[in-house]
Amino acid sequence: MPNFQLLFKPIGPRCNLACKYCYYLEKERLYAGTRDFRMTDEVLENAIRQYIAALDVPEIMFAWQGGEPLLLGLDFFRRALELQRQYCPPGRRISNAIQTNGTLLNAQWCGFLRENAFLVGISIDGPRHLHDQYRLDKGGQPTFSKALHGLELLVEHGVEFNTLTVVQRQNARQPLEVYRFLKHHGSRFMQFIPLVERGTGSAGVLAGPPSAGGDAGAPKAGGTDAPVMPWSVEPLAYGEFLCAIFDEWVRNDVGEVYVQMFEVLLAMHVGLPAALCVFAETCGKGLALEHNGDLYACDHYVYPGHKLGNILARPLAELANLPQQIAFGEAKREQLPRQCRACEVLWVCHGECPKHRFVQAQDGGPPQNYLCPGYKRFFTHTAPYIRRLAELVRAGRPAANIMLELSRQERKVRRKK
């Protein structure tokens with residue numbers, strides 16, 4: 001595992017969409033007066049050179065996000081690849097992943113992405129009536145048709161991709177409709193990310209995490225009393241959403257469809273570390289680099305109080321290992337409420353993301369995670385299947401045999417119920 005991972009934000013919060021639930025659009029207030037959020041060549045070269053030099057791993061993954069990174073155009077990414085080749089030492093590999101809303105994809109983009117082996121994450125929240133609930137453009141118009149066309153172009157051009165579905169208040173109620181829609185349209189690797197955001201009372205201003213020291217540019221801190229926004233997924237609904245998809249997957253799609261949450265859970269059952277930072281015992285290893293070289297503790301902690309510095313003034317490797325960043329990561333483990341410490345699924349979730357810890361604990365101690373009921377439901381429901389699946393994987397059983405064994409396991413569990 002690398003020392004840390006870096007999320008590149010080469011166009012900052014700029015996007016051609018205005019999704020109602022987006023937490024990053026408001027980051028423009030951090031850079032008041034900035035009109036051009038395009039990462040300069042100086043910042044890009046320093047970021048690539050320093051990131052490669054900082055990591056002692058055989059493969060270095062560059063993750064590009066926004067906003068909408070495709071707004072930068074092809075020439076920006078051609079330059080990025082040129083710099084990667086220039087600074088990559090012999091014997092090491094470089095790979096690239098890019099997250100897009102899909103609306104700007106065309107044949108030229110797809111040809112470039114395939115030729116250069118980019119892994120593309122495309123954001124789509126399910127069929128039209130669910131996707132268009134919140135994913136609108138700057139003019140308030142729906143974006144489903146353009147996003148789906150982008151997905152179809154990726155399939156047509158043979159670009160490796162996965163789908164990222166934000167699980168919000170509406171689509172959480174239709175888990176199988178969402179899952180089957182994605183599968184029907186060629187997705188074989190799916191991410192389901194829970195949407196949890198809170199408001200400050202000011203229009204368009206979201207509350208920061210409880211320990212963020214205020215929202216972007218405003219003095220009010222995101223304490224435990226900030227109200228949950230109406231599009232946020234309900235805790236138990238998120239757990240039921242995952243359970244319903246898991247039941248469908250375990251009956252029909254093991255070895256054919258990969259759901260990130262299930263893969264992470266399986267890996268932990270066979271003794272591997274959590275591949276998702278939210279389930280790691282500590283955090284602080286997933287940093288965010290803004291367009292101007294500013295480095296932040298985490299993509300969800302892009303707030304003044306969690307700015308580590310700027311890579312043009314101080315080396316990236318030093319900033320990533322500052323005492324304040326180490327303390328930030330350790331706080332996840334140290335600030336667990338008593339209920340978490342006594343929980344039978346703590347070894348899996350480790351209290352999940354500190355951003356979501358804002359529910360007042362019964363004993364008056366550190367706040368609990370908002371999503372706790374949902375995760376507990378999901379981990380408990382899937383435990384007998386995942387344990388059996390882990391045994392089969394360790395034994396090296398082929399996928400077809402695993403499917404048969406899991407079918408038997410399901411009948412056994414049903415009889416017990």
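In helix α6, residues P175, L176, V178, Y179 and R180 meet F241, A244, I245, E248 and W249 of helix α7, a contact being defined by heavy atoms within 4.5 Å and helices being DSSP runs (H or I, at least four residues) numbered from the N terminus. By class, this contact has 8 nonpolar, no polar and 2 charged residues, where Ala, Val, Leu, Ile, Met, Phe, Trp, Tyr, Cys and Pro count as nonpolar, Asp, Glu, Lys and Arg as charged, and the others, Gly among them, as polar. The model is predicted, with local features needing pLDDT of at least 70 and side-chain atom pairs counting only at pLDDT 80 or more, whereas totals for chains, interfaces and linings use all residues. Residues are numbered from 1 along each chain as its sequence is written, and side-chain values use heavy atoms, with hydrogens and water left out.

Helix α6 (residues 175-184) packs against α7 at an angle of about 50 degrees, with the axes 8 Å apart; axes are lines fitted to C-alpha atoms, for helices over the stretch in contact, and angles run from 0 to 180 degrees between N-to-C directions. The two helices, α6 and α7, are therefore oblique to each other, a class that holds angles not under 35 degrees (roughly parallel), over 145 (roughly antiparallel) or 65 to 115 (roughly perpendicular).

The axes of helix α2 (residues 74-87) and helix α3 (residues 107-115) come within 11 Å and cross at roughly 10 degrees, which makes α2 roughly parallel to α3. Here L74, F77, R78 and L81 of α2 contact Q108, W109 and F112 of α3, and by class this contact has 5 nonpolar, 1 polar and 1 charged residues.
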